[in-house]
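Please keep the sequence and the structure in view while reading.

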Amino acid sequence: MSIVEIIMIGVSLSMDAFAVSVGKGLSLKNIRTKEICTAGVWFGGFQFLMPVIGYYIGSFAAAYVSRYDHWIAFILLALIGGNMIRDSFSSEGEQNASMNPGEMLVLAVATSIDALAVGVSFAMMNGVNVWFSSGIIGCVTFTLSCVGVKFGSTLGSRFESRAKLAGGIILVLIGLKILLQDLGVF
């Protein structure tokens with residue numbers, strides 16, 4: 001597998017993380033490098049880790065995970081997005097509450113489940129260095145997640161009254177898209 005192919009896989013796997021990062025950025029004001037890097041580390045780290053885990057689990061878990069991955073991702077994203085929507089109607093709230101470790105863990109897992117299946121496919125290919133490939137995927141996701149948070153924050157500072165609501169709606173819609181795609185609706 002060429003480096004170009006691995007980068008393309010990394011870009012395609014990181015699209016959900018990028019979209020979630022934009023949603024996260026929408027909910028933050030006065031973004032700092034810390035928040036940008038937090039999203040990058042969580043999403044990039046899990047996009048690195050999941051193919052490695054999938055590689056070592058192999059084909060045994062592929063059938064199980066692929067049967068339920070869309071439901072898991074939908075439920076997790078809908079819960080987090082619903083919470084953001086609810087918080088958008090509250091007059092109180094912490095500016096950085098949306099970057100807390102528990103929430104970031106749930107989002108990182110939800111957006112990287114498909115990377116687990118990619119890792120399983122790596123196990124079935126000859127000559128794939130899972131550590132190198134996963135490292136590239138993780139770096140691509142880190143970069144795109146950082147860009148997503150900054151982009152979302154830029155939009156959020158212009159539309160701060162509706163930013164958290166929009167971020168929550170984005171998360172719910174991403175979860176719904178994952179569910180509908182895997183159910184074959186589109």
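Helices here are DSSP runs of H or I with at least four residues, and they are numbered from the N terminus. The model is a predicted one, in which local features need pLDDT of at least 70 and side-chain atom pairs count only at pLDDT 80 or more, while totals for chains, interfaces and linings use all residues. Residues are numbered from 1 along each chain as its sequence is written, and side-chain values use heavy atoms, with hydrogens and water left out.

**Helix packing**

After H2 comes Gly-58, which has a positive phi near 75°.

Axes are lines fitted to C-alpha atoms, for helices over the stretch in contact, with angles running from 0 to 180 degrees between N-to-C directions.

| Pair | Axes come within | Crossing angle |
|---|---|---|
| H1 and H2 | 11 Å | roughly 160° |
| H2 and H4 | 6 Å | roughly 35° |

The contact of H2 with H4 is made up of 20 nonpolar, 6 polar and 1 charged residues, where Ala, Val, Leu, Ile, Met, Phe, Trp, Tyr, Cys and Pro count as nonpolar, Asp, Glu, Lys and Arg as charged, and the others, Gly among them, as polar. H1 and H2 are therefore roughly antiparallel, a term for angles over 145 degrees.

**The second largest pocket**

A pocket is an open set of points on a 1 Å grid, with protein on both sides within 12 Å along at least five of seven lines, and its lining residues have an atom within 4 Å of a point. The second largest pocket is lined by 13 residues, and Asp-16, Asp-69, Asp-114, Ile-178 and Asp-182 lie nearest its centre. H4 gives the most to this lining, with 5 residues.

Key. On a 1 Å grid over the protein atoms alone, a cavity is a set of points where a 1.4 Å probe fits but cannot get out, and a pocket is an open set with protein on both sides within 12 Å along at least five of seven lines; lining residues have an atom within 4 Å of a point. Helices (H or I, at least four residues) and strands (E, at least two) are DSSP runs, numbered from the N terminus. Angles under 35 degrees count as roughly parallel, over 145 as roughly antiparallel, 65 to 115 as roughly perpendicular and the rest as oblique.
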